[in-house]
Amino acid sequence: MNEREHGPRGGGPGEAFAGARLHIVTGKGGTGKTTAATALALALATGGGRVLLMEVEGRQGVASLLGSAPLPYEERVMLSAPGGGSVSVLAADAEAALLEYLEMFYGMRRAGQALTKLGAVDFATTIAPGLRDVLLTGKATEAVRRREGGRRSPGGPHQYDAVVMDAPPTGRIGRFLNVNSEVAGLARMGPIHEHAERAMSVIRSDQARVHFVTLLEEMPAQETRDGIAEVEALGLRPGAVLVNMVGPRLLEGVELTAAAIGELDEVALIDGLRVVGATDPTGLAADLAGEVRSYALRHLLELRVRGELEDVGRPLVELPRLEGGMDRAALTGLARRLSEQGVRK
């Protein structure tokens, strides 16, 4: 077997997930980031785990994926995982997070609602966009720290075994997660600063990993490599590379090379088509040879891109390309594929 064709070098994905309770999933637009994040949440919930899946972009992407109505700002169980686990979903937004923050720490929910009616919250997050990121990352890290029974049970078990964040795209992930620098222009002390510090204490810890979703295409793969370098430069911990929409391997070795350079045995193709009763086997064989060559050239490009991703040194985990659309059964199948590759809570 060719090592580059059949899996990444180095250790498996276990080390990219072991000990982590906050899984931040990013990726270039169009790579299937929300699908991958949802499948990851299901995989981590397998075997009885309790997982929170949180989206922060206001797109209601998880609701759309699950075929449900837009979700309110509340944590509600939306998916059941094999072995008795469950996935709760939260569609977070900065305004609701601010109201919850004011209520939780200051008992000021009514004041916050009045600010909302006046448009002050939206105004504040517009002129200080860093505040929005502080609130959203703060909500995710609060869920990571939260214990059953709340503050009354500081030493009790955690409410969630893991939190999966469907985070902003790769091009914005560094700024989104680096809330310390974002908050520097807002407050150098006081409650907002302390809120950001609490968030960063989790994001920079061993409990957090940043996973990258990509395709075996040059642009998303390059953005993934750049994103991993950015995250490492910020002192954060990259996790796995989730390679999405991987097609089946139909040719390997000598046959793959022959197809790519247009040297398929067309006589054998014609004979095979005759055996199955095809009409005009000669013309069909020529068309088929062209399709096979296109596949071979694309697959060789994918192998090169895969090798470049492996050279980054992060574990690669594959999700297959699915035909027929996405539904809950398909998501469960993707989660199973992740579990088979060593993804565990």
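Guide: Before we start: helices (H or I, at least four residues) and strands (E, at least two) are DSSP runs, numbered from the N terminus. This is a predicted model, in which local features need pLDDT of at least 70, side-chain atom pairs count only at pLDDT 80 or more, and totals for chains, interfaces and linings use all residues. Residues are numbered from 1 along each chain as its sequence is written, and side-chain values use heavy atoms, with hydrogens and water left out.

Visitor: Thanks! How many helices and strands are in the chain?

Guide: The chain has 15 helices and 8 strands.

Visitor: And what order do the strands take in the sheet?

Guide: The order is 3-4-2-5-1-6-7-8, in an open sheet of 8 strands with mixed pairing. Two strands pair if DSSP finds at least two bridges between them.

Visitor: Which are the edge strands?

Guide: Strand 3 (76-81) and strand 8 (316-320), each of which pairs on one side only. From one strand to the next, the twist averages 25°.

Visitor: Let's look at strand 5. Which strands is it joined to?

Guide: Strand 1 (residues 22-27) runs parallel to strand 5, with 4 bridges between them, and H23 sits opposite V164 in strand 5. Strand 2 (residues 50-55) is parallel to strand 5 too, joined to it by 5 bridges. There, M54 stands opposite M165 of strand 5.

Visitor: So is strand 5 mostly covered or uncovered?

Guide: Mostly covered: 5 of its 5 residues (162-166) are buried. Buried means under 20% relative accessible area, exposed over 50%, and partly exposed in between, using a 1.4 Å probe and protein chains only. For comparison, 47% of the 345 residues in the chain count as buried.

Visitor: Which residues point which way from strand 5?

Guide: A162, V164 and D166 point one way, V163 and M165 the other, and all are buried. In a regular strand the side chains alternate between the two faces of the sheet.

Visitor: Back to M54. What is its bridge partner in strand 4?

Guide: That partner is L90. Strand 2 and strand 4 (residues 85-91) run parallel, joined by 6 bridges. Helix 2 packs on this sheet, touching strands that include strand 4 and strand 5, and its direction makes about 175° with that of strand 5.

Visitor: How does helix 2 pack with helix 15?

Guide: Helix 2 (residues 33-45) and helix 15 (residues 328-340) pack at an angle of about 65°, their axes 8 Å apart. Axes are lines fitted to C-alpha atoms, for helices over the stretch in contact, and angles run from 0 to 180 degrees between N-to-C directions. The two helices are therefore roughly perpendicular to each other, a label for 65 to 115 degrees; under 35 counts as roughly parallel, over 145 as roughly antiparallel and the rest as oblique.

Visitor: Which residues make that contact?

Guide: Among them are L40 and A43 of helix 2 and L334 and L338 of helix 15. Contact means heavy atoms within 4.5 Å.

Visitor: New topic! Where is M245 found, and what is its phi?

Guide: M245 is in strand 7 (residues 238-246). Its phi is near 55°, a positive value in a residue other than glycine. Most residues other than glycine have a negative phi.

Visitor: Is M245 buried or partly exposed?

Guide: M245 counts as partly exposed, because its relative accessibility is 38%. Q60 also has a phi near 55°, and Q60 lies in the loop between strand 2 and helix 3 (61-66).
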